[in-house]
There are 2 protein chains.
Amino acid sequence: MNKTKEKILNIAERLFGEQGYGATSLRQVIAEAGVNLAAVHYHFGSKEELLDAVVLRGASPLNEERIALLEHYEGEAAPAPVAVEKVLHAIVAPTLMKLKRSPQFAQLMGRLLGEGLMPGMLGRHFKPTVDRFIGAMRRSLPDLPQEELFWRIQFMFGAMAQTLLGRHLFPEALGGPADTSEVVDRLISFLAAGFQAPVPQFAKDQEK
Amino acid sequence: MNKTKEKILNIAERLFGEQGYGATSLRQVIAEAGVNLAAVHYHFGSKEELLDAVVLRGASPLNEERIALLEHYEGEAAPAPVAVEKVLHAIVAPTLMKLKRSPQFAQLMGRLLGEGLMPGMLGRHFKPTVDRFIGAMRRSLPDLPQEELFWRIQFMFGAMAQTLLGRHLFPEALGGPADTSEVVDRLISFLAAGFQAPVPQFAKDQEK
DNA sequence: GTCTATACTGAGATAGAC
DNA sequence: GTCTATCTCAGTATAGAC
């Protein structure tokens with residue numbers, strides 16, 4: 001790939017993740033990358049499309065990993081459905097492991113959910129994977145009403161996003177540099193119970 | 001209160017919530033409010049301090065409501081600890097009810113939480129309430145290790161933030177204009193199970 | 001004490017020379 | 001492909017009118 005383009009992508013990924021998309025200026029990016037401002041617009045078109053390129057580059061391997069893991073679990077369990085915990089592991093573990101290998105990108109993903117930029121991003125880069133995951137979850141929890149399942153998945157994304165952002169809410173209480181695999185276990189335990197929680201009565205009624 | 005100041009606060013609350021803080025310009029605010037640009041800086045000092053004022057105005061009654069509800073449940077249960085579901089209700093219900101009365105402010109809070117809470121916002125406007133809530137939760141779940149409790153609270157804030165942002169992730173699947181009290185029930189059922197989930201083995205070991 | 005007018009710096013974007 | 005110059009609009013600061 002083009003050298004200039006790649007340098008821009010690398011610096012942008014880091015700065016967007018560290019400071020947030022809105023708080024990072026293109027001029028900051030080009031200064032650190034040592035390229036010209038117009039080069040950004042030549043290669044990417046706009047600041048938002050640059051973000052899109054950053055997300056695409058990071059999301060592709062992540063999504064492949066998630067699908068591969070899910071298929072592994074499906075093969076293991078077939079013809080029975082995969083256990084809820086394993087479905088959760090297939091989506092949560094690769095995501096949080098990114099925190100280790102590329103903390104900037106992981107943080108960026110956490111931020112995007114909050115900055116309201118995710119809806120479009122989700123559609124462009126994560127939809128097929130998310131749909132695949134929803135299907136697996138539906139087979140694992142056949143009695144859970146459709147709508148309730150979607151709500152719970154939204155709750156899950158929220159919890160994941162918050163986790164990707166780090167220990168920012170309670171920096172003192174969650175002191176140690178928490179081993180990632182431990183956080184994965186904590187999150188999965190929490191989510192698995194949530195997904196298997198009793199369905200509120202009205203939600204059962206709504207189901208036909 | 002001053003008429004100009006109030007108009008700025010109202011418009012800013014709406015625009016920050018609808019478009020996000022970063023995507024909203026002060027010039028847009030003053031245009032809709034029909035005031036001069038410098039009036040913003042006279043009354044608030046800066047764009048960030050304006051946001052702070054907006055959050056303060058909305059957070060105060062919200063926090064009072066949460067504390068009152070929690071104390072009501074505590075009085076009801078005393079001397080026993082409050083049930084987990086009720087503690088959750090005391091913090092979740094007033095927050096989501098804001099979606100009805102002031103959707104813009106609720107959306108704004110969702111964004112801020114997801115974004116990392118604009119460093120300091122949590123400390124300045126929500127810390128006493130959150131501490132109060134953590135104490136109640138600790139009494140309700142005396143066997144849950146400290147660190148695990150904090151992680152779960154962080155997961156909870158993530159799920160809440162995502163809920164405050166609305167149905168943006170699955171606009172088609174979560175179609176209907178969902179009655180707020182129903183969403184509260186869904187969220188509490190999910191969270192209550194999560195808080196009472198088994199603690200991962202290593203986390204038990206860490207506890208002395 | 002309140003507000004208006006205006007100027008300053010830095011942002012993202014674009015056209016056109018090389 | 002790359003860079004200079006320039007445009008518009010952002011947040012901010014201040015002087016001075018009421």
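Visitor: Hi! Which residue does E65(A) meet in a salt bridge?
Guide: The partner is R101(A), and the N to O distance is 3.4 Å in this predicted model. E65(A) sits in helix 4 (residues 47-77) of chain A and R101(A) in helix 5 (residues 84-101), so the pair ties together parts that are 36 residues apart in sequence.

Visitor: Are those two buried or exposed?
Guide: E65(A) has 33% relative accessibility, so it counts as partly exposed. R101(A), at 55%, counts as exposed.

Visitor: Why would side chains like that pair up at all?
Guide: Side chains of opposite charge can pair when their charged atoms come close.

Visitor: How many salt bridges are there over all chains?
Guide: The structure holds 28 of them over all chains. One of these joins R152(A) and E148(A), at 3.0 Å from N to O.

Visitor: Where do R152(A) and E148(A) lie?
Guide: Both are in helix 8 of chain A, four residues apart, which is about one turn of the helix. R152(A) counts as buried, at 0% relative accessibility. E148(A) is buried too, with a relative accessible area of 0%.

Visitor: What about the rest of helix 8 of chain A, how many of its residues are buried?
Guide: The helix is mostly covered, with 17 of its 19 residues buried.

Visitor: And what span should those 19 residues have?
Guide: At 1.5 Å a residue, helix 8 (residues 146-164) of chain A should span 27 Å. Its end C-alpha atoms are 27 Å apart, so the two values agree.

Visitor: What follows helix 8 of chain A?
Guide: G166(A) follows that helix, and its phi is positive, near 100°.

Visitor: Back to charges. What does E74(B) pair with?
Guide: E74(B) forms a salt bridge with R139(B), at 3.1 Å from N to O. This pair links distant parts of the chain: E74(B) is in helix 4 (residues 47-77) of chain B and R139(B) in helix 7 (residues 121-140) of chain B, 65 residues apart. R139(B) is partly exposed, with a relative accessible area of 47%.

Visitor: Which residues of chain A are linked in a network of salt bridges?
Guide: One such network links E71(A), E74(A), R132(A) and R139(A).

Visitor: Which helix gives the most to the surface near DNA strand C?
Guide: That is helix 3 of chain B, with four residues. Helix 2 (26-33) and helix 3 (37-43) of chain A, together with helix 3 (37-43) of chain B, each supply at least two residues.

Visitor: How do chains A and B relate to each other?
Guide: A rotation of 180° with 0.0 Å of shift along its axis superposes chain B on chain A, with an RMSD of 0.2 Å. The two copies are thus related as by a two-fold rotation axis. Of the interface residues of chain B, 98% are also interface residues in chain A, so the copies meet through the same surface.

Visitor: What does the side chain of S189(B) reach?
Guide: The side chain reaches the backbone oxygen of P198(A), at 2.6 Å. S189(B) lies in helix 9 (residues 180-195) of chain B. With a relative accessible area of 15%, S189(B) is buried.

Visitor: What else is S189(B) in contact with?
Guide: Leaving aside neighbours within four places in sequence, S189(B) is in contact with R152(A), A197(A), P198(A) and P200(A).

Visitor: Last one: how many helices and strands does chain A have?
Guide: Chain A has ten helices and zero strands. Buried residues make up 54% of its 208 residues, and its C-alpha trace spans about 60 × 40 × 35 Å along its principal axes.

Notes:
Residues are numbered from 1 along each chain as its sequence is written. Chains are lettered from A and ligands numbered from 1 in the order in which they are written. This is a predicted model: local features need pLDDT of at least 70, side-chain atom pairs count only at pLDDT 80 or more; totals for chains, interfaces and linings use all residues. Side-chain values use heavy atoms; hydrogens and water are left out. Copies are superposed by least squares on the C-alpha atoms of residues with pLDDT of at least 70 in both. Contact means heavy atoms within 4.5 Å. The expected span of a helix is 1.5 Å times one less than its number of residues. Buried means under 20% relative accessible area, exposed over 50%, partly exposed in between (1.4 Å probe, protein chains only). A salt bridge is a side-chain nitrogen of Lys or Arg within 4 Å of a carboxyl oxygen of Asp or Glu. A polar contact is a pair of N or O atoms within 3.5 Å; within protein, one must be able to donate a hydrogen and the other to accept it, and residues adjacent in sequence count only if both atoms are side-chain atoms.
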